[in-house]
Amino acid sequence: MNNQPELVLLKNRRPDRPATIEEYRAGGGYAALAATLGKRSPQEVCQLVLDSGLRGRGGAGFPAGRKWAGVKEDAEFPRYLIPNTDEMEPGTFKDRVLVNADPHLVIEGIILSAYAVSAGKGIFFIRPSYEMDAELIERELEVARDAGFLGGNILGSGFSFDLEVHRSAGRYICGEASAQVNAIMGKRAHPNKEVHMAHQGLWGKPTIVNNVETLSCVPGILRQGPEWFKGLARTESGAGTKLYCVSGRVCKPDVFEMPIGTRLSEILDLAGGMCPGAEFKAVLPGGASTEFMPKKFYDVEMDFEPLKAVGHRLGTGAIIVFDKNTCLVGATLNLIEYFARESCGFCTPCREGLPYIRDLLWRIEIGEGKEEYIPLLREMARHMDRSYCAFAPGAAAPVLGLLNYFEEEIREHLSQKKCPYKGLGIEFRDSLIPMEKTESTAPENS
Amino acid sequence: MLPQEIRENIQRLIEAAERPREQVINVFYILQKHYGYFSDEAVREAAALLKMTPLEVEEMATFYDFLYREPVGKFVIQVCDGVVCWMFHENSIFDYLCQKLQVCAGQTTADGLFTVLPTACIGFCDRAPAMLINGVFYGPLTPAKVDEIIAQLRSEHCDLVICK
Ligand SMILES: Cc1cc2nc3c(=O)[nH]c(=O)nc-3n(C[C@H](O)[C@H](O)[C@H](O)COP(=O)(O)O)c2cc1C
Ligand code: SF4
C-alpha cells in the first residue's frame with residue numbers, strides 16, 4: 001500500500017475554482033469518450049462497468065452495471081439518464097465538492113453512462129441550495145456542447161445525447177429515485193414502487209437514476225480498465241475510490257478521496273483528528289440514515305461489505321463525528337425532527353410513526369422519560385420497516401444505533417430527570433412564540 | 001396582473017419544453033420571483049399557463065420548502081438545522097437570529113426585510129453552522145458574523161440571487 005493514494009475523482013480539485021475543460025483534457029479528460037463512442041458497443045461498456053465492481057454511491061450501493069443491464073436491448077426509446085445531485089442526506093456534501101472541482105469529469109461520466117444504456121436525454125437533478133452549482137453546470141454544458149461532446153451525432157459516432165439541468169425546490173424525498181422521476185414530471189414527489197424504473201420510469205420510458213459520484217467513476221474505468229478500478233480499493237470486495245465527507249467535531253471537516261475500504265481511523269486523521277479538547281464518542285458512518293457507531297468500530301474499513309459484516313451501512317460515506325460532550329439523545333431527536341418533517345406523508349408508518357418516536361425522544365431529552373419508553377422506541381423503530389419506501393427504515397437507523405450502543409446514555413436522562421449534557425439538545429423554537437409584539441405575518445413553511 | 005413580458009417568457013419556456021409539466025418548478029420560481037412569494041394569484045396564473053387545475057398547482061406548491069405560499073420578507077434567511085449545524089449550536093444561530101430580529105420561525109420583520117426559516121441540511125456541513133440568504137451561502141457563523149451580515153443587508157442595496 002503506498003502512502004499517496006491515487007486520486008481519481010478529485011485530482012483536478014483546486015482551492016479556488018473549478019477545473020476548466022482544458023485542464024480536464026490535459027489530464028486525459030474526454031479521451032475515454034473519444035475511444036468509446038462508436039468504437040465499443042454499449043453492451044461492452046456495460047460489461048466493463050459490471051466487471052469493475054462499481055457500486056452506487058448514492059446510499060444503497062447497488063452495482064451500477066447490474067442496474068444498467070436492467071434496460072434490455074430491445075427496451076423502448078427514448079431512454080433517460082438522471083444524474084442525481086439532490087444530495088439532501090444530512091452530513092453529505094461530496095457531490096457539491098465533486099461538481100465544483102471538476103465539472104467536466106462529471107459531464108463525461110454522464111455522457112458515457114448514457115451511451116451504455118442508449119439514453120438520448122439526461123436530466124441533471126439538483127437541489128435549490130446548490131443553485132450556484134446548477135449555474136456552473138449549465139455554463140460548462142455549453143462549453144461541452146461547443147466542443148462537440150453533447151448534442152447530435154457526438155464526435156461523428158452516430159450517438160446523440162443532451163443534458164439539461166432540472167432545478168428542484170427542496171424536500172429530501174426528491175432524492176429517492178422514483179420520487180425524483182415524479183418530481184421531474186411535475187407531480188408531487190411521492191415514491192412509486194409499482195413500476196420498475198428501468199422499464200417504465202420518466203414519462204413511462206426506461207430510466208436510469210444514478211448518483212453523480214457513481215457516474216464520475218465511469219471515465220476512469222473505461223480509460224484504465226476494470227482491473228485498475230478494482231485495484232484502487234483497499235478491500236478485497238471493494239472497487240474504486242470513495243469521497244468521504246467528514247464533518248462534526250473534527251479539526252478539518254472536508255471531503256477526502258481515499259481508496260474505498262480505508263479505515264475510519266485513517267480518514268479521521270486526515271480530517272485533523274478531533275477538535276482541540278474534544279474526545280471521540282461516536283460517528284454516523286454514512287449520513288443521517290445510518291446507525292451511530294461507537295469507539296469499538298474506530299478501525300473499521302469504510303466499504304460496503306466490511307460495514308455490513310459488523311451490522312452497519314456505508315450509506316453516502318458522510319462521516320459525522322460526535323464528541324463526548326454532545327448528547328446523542330439530542331442528536332437523535334434532531335435527526336428525527338428532520339425525518340418527521342421531510343416525510344412525504346404517503347404511507348402511515350412513516351407519517352405517523354416518526355412523530356411518535358420524536359415525541360418519546362423529546363420527553364426523554366427534557367427529563368420526562370420513563371423506563372417503558374425504551375422498549376417502545378425499539379418497537380416503533382422496527383415498525384419503520386413496514387413503510388412504503390427506504391426513507392423510514394433510514395430514519396429509524398440512528399434511533400436503533402442509540403438504543404443498541406448508547407442505552408446507558410438514555411438511562412442517564414431517565415435517572416437524572418434531565419439531559420446530563422448542557423443543552424436541552426434542541427432549540428425550543430416553538431416555545432419562543434409569544435415574543436415582543438411584532439407586526440408580522442406568520443407563514444407556515446410547509 | 002402578471003406583466004405581459006413575464007407571461008410571454010413563461011409561455012416561451014413551456015412551448016420550448018418537450019412536455020409542459022416538466023417546467024412546473026421553473027414556472028413557479030418565475031412567478032414567485034415576480035410576486036415576492038407564491039401568492040394566490042400566482043397559483044391561478046400557474047394553473048392557467050400550465051393547463052393544470054389550481055388544486056394540482058396547490059398540491060405541488062405546498063410540497064416544496066423553497067416555494068413560499070405566504071408572504072416572506074425581501075431576504076429569506078434559511079438557517080440550517082441539520083445535525084451537524086445543530087452540534088455547533090450552543091448559542092443557537094437560529095435563536096440568536098430570532099431574538100435579534102424579534103421574530104419567530106416563519107415570521108417576517110415589521111419592516112418587511114427578513115424572514116427566518118429553519119431549513120433541512122443545506123449541504124455545507126464542512127462550514128457549520130451555516131445558513132442561506134436568498135440562496136447565498138454564509139458560514140461558519142458566529143453571533144458577531146450574523147450581526148455583520150444583517151447590518152450589511154440593512155444598509156446596502158443588494159440584489160442577492162434568489163434560488164431561481
Ligand atoms: C429518502 C431517500 C433519499 C435519497 N436521496 C438521494 C440523494 O440525495 N442522492 C442520491 O444520489 N441518491 C439518493 N437516494 C438513493 C436513490 O434512491 C438511488 O438509489 C440512487 O440515486 C441511485 O444511484 P446509485 O446507484 O448511483 O447510488 C435516496 C434514497 C432515499 C430512500
Ligand atoms: S416511507 Fe415516508 S417518505 Fe417513503 S413513501 Fe412512506 S411516507 Fe413517504
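I began at ligand 1, where a backbone N or O atom of R57(A) lies 3.3 Å from an oxygen atom of the ligand, which falls under my polar-contact criterion of N or O atoms within 3.5 Å (within protein, one atom must be able to donate a hydrogen and the other to accept it, and residues adjacent in sequence count only if both atoms are side-chain atoms). I note that this is a predicted model, in which local features need pLDDT of at least 70 and side-chain atom pairs count only at pLDDT 80 or more, while totals for chains, interfaces and linings use all residues. Residues are numbered from 1 along each chain as its sequence is written, chains are lettered from A and ligands numbered from 1 in the order in which they are written, and side-chain values use heavy atoms, with hydrogens and water left out.

**Ligand 1**

I found two further oxygen atom distances of 3.0 Å, to a polar side-chain atom of N84(A) and to a polar backbone atom of A177(A). On its own ligand 1 has 610 Å² of accessible area, of which the protein covers 89% (Shrake-Rupley method, 1.4 Å probe).

**Ligand 2**

Around ligand 2 I found 13 residues, the closest being C344(A), F346(A), C347(A), C350(A) and C389(A). I sorted this shell by class and got 10 nonpolar, three polar and no charged residues, with Gly counted as polar and Cys as nonpolar.

**Chain B against chain A**

I counted 57 residues of chain B in contact with 67 residues of chain A, contact meaning heavy atoms within 4.5 Å. The two chains bury about 5,500 Å² between them, 57% of it on carbon and sulfur atoms, as accessible area (1.4 Å probe) lost on being put together and summed over both parts. F63(B), W86(B) and M87(B) supply 15% of the area that chain B buries against chain A, more than any other three residues.

I also looked up the charged pairs and found four salt bridges between the chains, each a side-chain nitrogen of Lys or Arg within 4 Å of a carboxyl oxygen of Asp or Glu. One salt bridge joins K121(A) to E22(B), with the closest N and O atoms 3.8 Å apart. By class, the side of chain B that touches chain A has 32 nonpolar, 12 polar and 13 charged residues.

How values were computed:
Near = heavy atom within 4 Å.
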